[in-house]
Amino acid sequence: PEHITLCGMAGSRNGLLEAPYAECPASAQTWSRQSVFSTLDGIPVQIMAGLACVRTNGAPDVMRGEETQIFGALALYPELAQGRQLLALPGTHGKWALLENGCVAGFQTFLSGELFALLCAHSTLLRAGENDDDAADGFELGCQSARRNEGLLGALFHARSAQLRSGKSAGWARAYLSGLIIGHEIREMLSSSATDAPITLIGDPALNQRYAEVLKAYDIDVAQRDGGQCAIAGLMNYKDDHETR
């Protein structure tokens with residue numbers, strides 16, 4: 001290849017070469033101009049910057065990789081640059097980003113994916129029942145618990161007690177945990193954000209659909225965009241930007 005463009009953890013402190021964080025509010029141009037450059041076996045390598053912001057409560061927040069999906073989505077879907085838009089990017093560290101006229105005004109990270117993985121792999125919550133695929137109504141029950149604003153820490157244990165006392169399977173419990181965690185993320189975000197802004201989901205299509213199901217219960221319809229396609233568009237549209245600085 002004549003040129004390699006990377007994003008995400010390649011630019012982290014423990015990656016190939018640390019890239020800076022562009023401060024919000026950030027446009028695609030201000031973000032791309034903070035790329036860093038190196039060579040790998042004689043091939044030019046560009047590593048895209050991350051984004052940083054300060055939440056309304058004063059806490060710092062950062063992202064690496066999702067910003068490439070955001071700016072790629074803006075390149076693919078120019079209507080996202082009109083007015084206020086709310087982008088949800090489900091994943092290990094899910095992001096909700098507020099766009100104002102095509103600039104990322106700010107965002108908030110939710111540890112939903114990592115929490116789900118840790119609970120499934122390293123807790124006792126899935127060890128009481130048969131490990132089958134019978135999810136049944138587990139996902140919806142978890143979502144309902146979140147919509148009723150039942151406490152998350154107390155509701156988590158239902159995943160185990162339902163296997164011990166109600167004959168539920170480990171597959172059911174896994175789906176329940178998914179619905180509970182996603183439901184709490186969405187309820188928290190909707191209670192703290194400008195919900196009049198249109199919402200677009202950017203991520204894995206299957207995960208997008210789960211988020212869309214939860215949002216539908218709030219009578220919110222959303223657009224869904226493939227996260228991989230948006231990431232590629234972000235890398236392709238802003239590669240080698242140092243030549244125009």
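A disulfide is a covalent bond between the sulfur atoms of two cysteines; here the term is applied to a pair of cysteine sulfur atoms within 2.5 Å. Cys103 is partly exposed, with a relative accessible area of 27%. The term "partly exposed" lies between buried, under 20% relative accessible area, and exposed, over 50%, with a 1.4 Å probe and protein chains only.

The structure holds zero disulfides. Cys7 is likewise in no disulfide, and the nearest cysteine sulfur, in Cys230, is 12 Å away. Cys7 is partly exposed, its relative accessible area being 24%.

## Basis of the model

This is a predicted model, in which local features need pLDDT of at least 70 and side-chain atom pairs count only at pLDDT 80 or more, while totals for chains, interfaces and linings use all residues. Residues are numbered from 1 along each chain as its sequence is written, and side-chain values use heavy atoms, with hydrogens and water left out.

## A sheet of three strands

Three strands form an open sheet in the order β2-β5-β6, with mixed pairing. Because β2 (21-23) and β6 (60-63) stand at the edges with a single partner strand each, one side of each has no neighbour in the sheet. Neighbouring strands of this sheet are turned by 30 degrees against each other on average, direction ignored; the axes are lines fitted to C-alpha atoms, and angles run from 0 to 180 degrees between N-to-C directions.

Strands are DSSP runs (E, at least two residues), numbered from the N terminus, and two of them pair if DSSP finds at least two bridges between them. β2 pairs with β5 (residues 50-54) in the parallel sense over three bridges. Glu23 has Ala52 in β5 as its bridge partner.

Methods: Helix = DSSP H or I, 4+ residues; strand = E, 2+ residues; numbered from the N terminus.
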